[in-house]
Amino acid sequence: MKAIICSQYGGPELLKLIETKIPEIGEDQVLIDVHYCGVNFPDTLIIQNKYQFKPPLPFSPGGEIAGIVSHIGRRVNNFKVGDRVVALCGWGGMAEQVCVKATHVFPIPSSLDMLNASICMYTFGTAFYALKNKAQLKAGQTVLVLGAGGGVGSAAIMIAKLMGASVIAAASNKEKLAYCKMLAADETIDYSTENLRDKIKEITSNRGVEVVVDTIGGPLAEEALKSVSWNGHYLIVGFASGIIPQIPFNLALLKGCSVHGIFWGSFAEKESNSNNTNFIQIIQWILQGKLKQHIHQIYSLEEAPKAIDDMIQRKINGKAVIQIKAEQFSSPTINNGINSSELTKKTNKSSNDGHKLIINGKDAIHQFIGSNIGPGKWITITQKMINDFASTTQDNQWVHIDEVKAAKYLPEGKTVAHGYLTMSMVSHLLFELIELNEVNSFYNYGLNKARFINPVKVNDNIRLKAILENVESQSNGSIKLFLSCIIEIEGIEKPAYVAEIISIIN
Ligand SMILES: NC(=O)c1ccc[n+]([C@@H]2O[C@H](COP(=O)([O-])OP(=O)(O)OC[C@H]3O[C@@H](n4cnc5c(N)ncnc54)[C@H](OP(=O)(O)O)[C@@H]3O)[C@@H](O)[C@H]2O)c1
């Protein structure tokens, strides 16, 4: 089988894709044909020998997978060959096959695809355990999430919102915060430019926050602890910054607050009944379309070292996934009798190929709330498009159309597309990502929260990705779709444009 192998400790550049032996199955294990492996922060640590678990060399990273059972150990009687399962394997998941103890393997509901199943346990499990079992979060309370754009941070935003809380998302740049807003964070703080404590005081009118979810540690931890309200909760989830803070205990005394260590893996082992109860709720939310982890990018097995490096470089919003083998998934017929709508999964390795939303009948759209759509194909913004837009709108500013002057005076020597041209591309790009069957009409109706983040220059390639945030049935029988859209520029990390687009289906 093929596997990504760590044979010496160090950075992801030392990982190698090699042909290796299929692992030998133990009597209490199942062998799984891995389809998808979620990338998690421990993958960045385990290859550097910095994680609490230290498998002997050589080993494959990857602790959260989805796949199909291909062999059963002698003492396993609760799985059969062919079962679709998710598993927490600790390591070994970035490979075509992995052996996992049957107690760490769980069946996937038939209406959930393996891609999304492969990222539903670790971050959702941690965030829900922290907020529910430890902080006992109540509706109306305010939660501060540090490292809010990451896997656990995103999960904490979504789950806190589902529990009725307000969320302040804190992250290191505007794009991550725009992403957190798309996940429904109420307020945002850019901790690379803003003073965390002052901003929390301003947002909460000096009251402070009831709960802090800290995934990063480092110097911000003390500021965050000082921002906890009386009787509040500080949840120590992780130290992604690499710095374990040394904080004076008197701060907790003065706040009358509780400081909780969060170790979800141990909770899942030691309190497996409570963990199972949590999972039933998580899966229900997912199947109801209320909870869905954002997939930043799907990487091939060869690209797994890049996925781990992107995580180290703080580039991932939500989750990265390694695709080892694609699943051709069709959701079963839904219970309103309309034949299944489905999110088709393209199987190409290219990360340009994302999900196309196929809507068969307008009433079927509700089940896709929370779905990621796209990204679509790259398209090039040419000078002709810019010129045509200028002549239609009579906006003839030289930065857009005067190539000679642009070459002389603009930093990259290129003309810049009108922001409204980029914005107007959304309709065109969106229609390529949504296929409509059995509906009378679909049109773009309005726009919310539009922001231009980065200029698009002539000959830049742009593409669209979107999240179906919400769906509202109207009294006239039509359905309003709320789509968070992001236009990306190739090779540039900052998006060009983010907005919530409102469309109507009849
Ligand atoms: N206790 C548990 O049971 C448990 C379970 C799961 C995860 N964890 C831990 O929780 C932490 C977050 O995990 P995750 O899956 O959310 O990771 P992630 O997706 O990589 O997100 C971590 C976030 O931390 C921020 N960050 C700040 N300094 C960083 C640095 N030097 N390197 C990388 N990121 C940095 C980044 O946001 P900005 O760029 O916006 O600052 C990043 O988005 C990790 O330490 C992980 O081990 C603990």
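By class, the shell around the ligand comprises 14 nonpolar, 14 polar and two charged residues, where Ala, Val, Leu, Ile, Met, Phe, Trp, Tyr, Cys and Pro count as nonpolar, Asp, Glu, Lys and Arg as charged, and the others, Gly among them, as polar. The model is predicted: local features need pLDDT of at least 70, side-chain atom pairs count only at pLDDT 80 or more, and totals for chains, interfaces and linings use all residues. Residues are numbered from 1 along each chain as its sequence is written.

Of the 30 residues around the ligand, Gly147, Gly150, Gly151, Ala171 and Gly238 come nearest; a residue is near a molecule or strand if its C-beta atom, placed from the backbone, lies within 6 Å of it. At least two residues of the shell are supplied by each of helix 1 (41-46), helix 3, helix 4 (151-162) and helix 9 (264-270). Helices (H or I, at least four residues) and strands (E, at least two) are DSSP runs, numbered from the N terminus.

The domain assignment of the protein chain gives domain 1 (2-119), domain 2 (123-265) and domain 3 (330-505), with bounds that come from an automatic or database domain assignment. Domain 1 and domain 2 each contribute at least three residues to the shell around the ligand. The C-alpha centres of domain 1 and domain 2 are 31 Å apart.

An open sheet of six strands has the order 10-9-8-11-12-13, with parallel pairing; two strands pair if DSSP finds at least two bridges between them. Its edge strands, each pairing on one side only, are strand 10 (187-190) and strand 13 (258-261). Neighbouring strands of this sheet are turned by 15° against each other on average, direction ignored. Axes are lines fitted to C-alpha atoms, for helices over the stretch in contact, and angles run from 0 to 180 degrees between N-to-C directions. Four bridges connect strand 9 (residues 166-171) and strand 10 in the parallel sense, and isoleucine 168 has glutamate 187 in strand 10 as its bridge partner. Helix 3 (residues 122-134) lies across strand 11 (209-214), strand 12 (228-236) and strand 13, running at about 145° to strand 12.

Strand 15 (residues 319-323) is largely enclosed by the rest of the structure, because five of its five residues are buried. A residue is buried if 20 or more other C-beta atoms lie within 10 Å of its own, exposed if 12 or fewer, and partly exposed in between, with C-beta atoms placed from the backbone. Both faces of strand 15 are covered, with Lys319, Val321 and Gln323 buried on one side and Ala320 and Ile322 buried on the other. Strand 3 (residues 29-39) runs antiparallel to strand 15 and is joined to it by four bridges; valine 39 is paired there with alanine 320 as its bridge partner. Strand 14 (residues 295-300) pairs with strand 15 in the parallel sense over five bridges, and the bridge partner of isoleucine 295 in strand 15 is lysine 319.

Alanine 240 is placed in the loop between strand 12 and helix 8 (250-255). This residue counts as buried because it has 23 C-beta neighbours inside 10 Å. Residues up to four places away in sequence not counted, alanine 240 touches Phe41, Gly147, Gly150, Thr215 and Ile216; two residues are in contact if their C-beta atoms, placed from the backbone, lie within 7 Å. The C-alpha atoms of alanine 240 and leucine 45 are separated by 9.9 Å, although these residues are 195 residues apart along the chain.

Most residues other than glycine have a negative phi, and most peptide bonds are trans. The peptide bond between leucine 57 and proline 58 is cis, with omega about -10°, and proline 58 lies in the loop between helix 1 and strand 4 (64-72). A cis peptide bond also joins glycine 374 to proline 375, with omega near 10°; proline 375 is located in the loop between strand 18 (372-373) and strand 19 (379-380).

Glutamine 136, a residue other than glycine, has a positive phi near 45°. This glutamine lies in the loop between helix 3 and strand 8 (142-146) and counts as exposed, with 11 C-beta neighbours inside 10 Å. Phi of serine 205 is likewise positive, at about 50°, although the residue is not a glycine. Serine 205 is found in the loop between helix 6 (196-203) and strand 11, and is exposed, with 7 other C-beta atoms within 10 Å.
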